[in-house]
Amino acid sequence: MIKPLQILLIEDNTADAYLLFEYLKECQNIIIDHGKTLQEAIQKLEEKNYDLLLLDLSLPESQGIETYELIMKQFPEQNTIIMTGYTKEILDSTKNNPILLNKNEITSGYCVDKHKWSQYLLRSH
């Protein structure tokens, strides 16, 4: 039996989190945990090994690329997809070349289909 893909979604916007859950439930053999703050992300990453972190950069206690950098400082090997509305130029300064997923496209449904999710998940793994 294939081990399920363990995903941690960190998204403080309830509507966006709901849409992501709806899109991801189409994928088979995944388990999704959810947190709404940077502190919850750190706590959950300390408690469990995740195959993938889906990270919003605009959280209540942390904004912008600093959110990603704080996670990478403590968990440098964590596979991460950044979900953001920030421009790529702002994010080009990151060291680990994370996968960027335009949050505006996700929540409007433009780019989310099974094929694209498969590509994102495979690239991050």
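Author: One term first: contact means heavy atoms within 4.5 Å. Please keep in mind that this is a predicted model.

Reader: Thank you. Which elements do the buried residues of α2 pack against?

Author: They pack against β1, β3, β4 (58-59), β5 (62-63) and α3.

Reader: And which residues of α2 are buried?

Author: Leu-38, Ala-41, Ile-42 and Leu-45 are buried in α2. Viewed down the axis of α2, the buried residues fall within an arc of 95 degrees, so they line one face of the helix.

Reader: Which residues are exposed on the other side of α2?

Author: Gln-39 and Glu-47 are exposed there.

Reader: Why would spacing along the sequence matter for such a face?

Author: An α-helix has 3.6 residues a turn, so residues three or four places apart point the same way.

Reader: Let us take Leu-45. Why does it count as buried?

Author: Buried means under 20% relative accessible area. Leu-45 has 6% relative accessibility, and therefore counts as buried.

Reader: What does Leu-45 touch, not counting residues up to four places away in sequence?

Author: Leu-45 touches Leu-8, Tyr-50, Leu-53, Ile-71, Phe-75 and Gln-78 on that basis. In the case of Gln-78, the separation is 33 residues in sequence and 8.9 Å in space, C-alpha to C-alpha.

Reader: Tyr-50 is on that list. Where is Tyr-50 placed?

Author: Tyr-50 is in the loop between α2 (38-47) and β3 (52-56).

Reader: Buried or exposed?

Author: Tyr-50 counts as buried, because its relative accessibility is 8%.

Reader: With which side chain does that of Tyr-50 make a polar contact?

Author: The partner is the side chain of Asp-33, at 2.5 Å. Leaving aside neighbours within four places in sequence, Tyr-50 is also in contact with residues including Gln-6, Ile-7, Leu-8 and Lys-44.

Reader: What about Gln-6, then?

Author: Gln-6 lies in strand β1 and, at 12% relative accessibility, counts as buried. Beyond four places in sequence, Gln-6 touches Ile-31, Lys-48, Asn-49, Tyr-50, Asp-51 and Leu-52.

Reader: Changing topic: how many residues are in the largest nonpolar core, and which have the most contacts inside it?

Author: That core has 17 residues, and those with the most contacts inside it are Leu-8, Ile-10, Leu-45, Leu-53, Leu-55, Tyr-68 and Ile-71. Two or more residues come from each of β1 (5-10), α2, β3 and α3 (65-74). Apart from this core lies another, of 12 residues, among them Ala-17, Cys-27, Leu-52 and Met-83.

Reader: Finally, which residues of helix α1 are buried?

Author: In α1 (residues 14-24), the buried residues are Asp-16, Ala-17, Leu-20 and Leu-24. They fall within an arc of 100 degrees when seen down the axis of α1, so they line one face of the helix.

Reader: Which exposed residues does the face turned away from the buried side carry?

Author: That face of α1 carries Thr-14 and Tyr-18.

Reader: And what is found at the start of α1?

Author: A side-chain oxygen of Asn-13 comes to within 2.9 Å of the backbone nitrogen of Ala-15.

Note on methods: Residues numbered from 1 in each chain as written. Predicted model: local features only at pLDDT ≥ 70, side-chain atom pairs only at ≥ 80, totals over all residues. Heavy atoms only, no water. Helix = DSSP H or I, 4+ residues; strand = E, 2+ residues; numbered from the N terminus. Buried < 20%, exposed > 50% of the residue type's maximum accessible area, 1.4 Å probe, protein only. Polar contact = N/O pair within 3.5 Å; in protein donor to acceptor, adjacent residues only side chain to side chain. Core = buried A, V, L, I, M, F, W, Y, C linked by side-chain atoms within 4.5 Å. Arc of directions from axis to C-beta.
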